[in-house]
Amino acid sequence: MTRLLHSLAVLAAAGALLAGCGDDNNSDDSAAPAASDTTATEASTGSSASSGTASDLRLAASEDGGLSFDKKTLSAKAGTVTITMDNPSGDQMPHAIAIDGNGVDKDGEVVQPGGKSTVSVDLKPGKYTFYCPVGQHRQNGMEGTLTVQ
Ligand SMILES: [Cu+2]
């Protein structure tokens, strides 16, 4: 039983590697094993998406009123990156989602508890910061790192 599961895992990993190599573009350097956990689901459908890739990411604000998101890191492929942030109805503050870095600084709309804020922007590979632009929320911890490959 354990051996069977292990074999399946090895096969799945090999498949992901093959799919990555077939994607013969300039992102060879970033096709490291570290990326496989977040891109595994995209690898099966991304073979023809070498240009105009769209990444849809989601996260949520803390429901207990704390100034934090439920994720500190996000990753996406270069292209159109969309982040949708849920402001839970149990929260008590307005929030928004924004992306900052490498000359990009774009804010989504500010939404009350129960709403969703969306920001969408074309990104090149690099490190960006996602954050909440409301008041001092960013300085108080509502930020994280978005890695684009
Ligand atoms: Cu906020």
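Does Asn102 count as buried or exposed, and what is its relative accessibility? At 56% relative accessibility, Asn102 counts as exposed, because exposed residues are those over 50%. The model discussed here is a predicted one. Its protein chain contains two helices and eight strands, and four of its residues supply the protein donors of a copper ion: His95, Cys132, His137 and Met142.

**The chain as a whole**

- Read from the N terminus, the elements of the protein chain follow the order α-α-β-β-β-β-β-β-β-β.
- The protein chain has 149 residues, and 31% of them are buried.
- Among the contacts in the protein chain with a separation of 6 or more, 63% are made by residues 24 or more positions apart.
- The protein chain has an accessible surface of about 8900 Å², and carbon and sulfur atoms hold 53% of that surface.

**The copper site**

- The protein donor atoms of the copper ion are ND1 of His95, SG of Cys132, ND1 of His137 and SD of Met142.
- These donors lie 1.9 to 2.7 Å from the copper ion.
- The site of the copper ion is tetrahedral, with angles of 89 to 131° among its four donor atoms; the assignment holds because four donors count as tetrahedral if all angles lie between 85 and 135 degrees.
- Along the sequence, the donor residues of the copper ion follow the spacing H-x36-C-x4-H-x4-M.
- Cys132 and Met142, ten residues apart, both sit in the loop between strand E7 (126-131) and strand E8 (143-148).
- Cys132 and Met142 are both buried.

- E1 and strand E3 (residues 79-86) run parallel and are joined by seven bridges.
- Opposite Leu57 stands Ile83, a residue of E3.

**The sheet of five strands**

- A further open sheet has five strands in the order E2-E8-E7-E4-E5, again with mixed pairing.
- Its edge strands are strand E2 (73-76) and strand E5 (104-107), each of which pairs on one side only.
- Neighbouring strands here are turned by 25° against each other on average, direction ignored.
- Strand E4 (residues 98-101) and E7 run antiparallel, with three bridges joining them.
- E4 is also joined to E5, by four bridges, and these two strands run antiparallel.

- Asn102 belongs to the loop between E4 and E5.
- The hairpin of E4 and E5 has two residues between the strands, and in this hairpin Asn102 takes a positive phi near 50°.
- Most residues other than glycine have a negative phi.
- Asn102 is not a glycine, yet its phi is positive, at about 50°.

- Ser55 is part of strand E1, and Ser55 counts as buried because its relative accessibility is 6%, where buried means under 20%.
- Leaving aside residues up to four places away in sequence, Ser55 touches Ala76, Lys77, Thr80, Val81 and Thr82.
- Asp56 is likewise placed in strand E1, but Asp56 is exposed, with a relative accessible area of 64%.
- In a regular strand the side chains alternate between the two faces of the sheet.
- Asp56 and Ser120 are 64 residues apart along the chain, and their C-alpha atoms are separated by 9.0 Å.

Technical notes: Residues numbered from 1 in each chain as written. Predicted model: local features only at pLDDT ≥ 70, side-chain atom pairs only at ≥ 80, totals over all residues. Heavy atoms only, no water. Donors = N, O, S within 2.8 Å, 3.2 Å for Na, K, Ca; no water. Tetrahedral: all angles 85-135°; square planar, octahedral: opposite > 155°, others 65-115°. Buried < 20%, exposed > 50% of the residue type's maximum accessible area, 1.4 Å probe, protein only. Contact = heavy atoms within 4.5 Å. Areas by Shrake-Rupley, 256 points an atom, 1.4 Å probe, with all protein chains shown as cover. Pairing = 2+ DSSP bridges. Axes fitted to C-alpha atoms, helices over the stretch in contact; angles between N-to-C directions.
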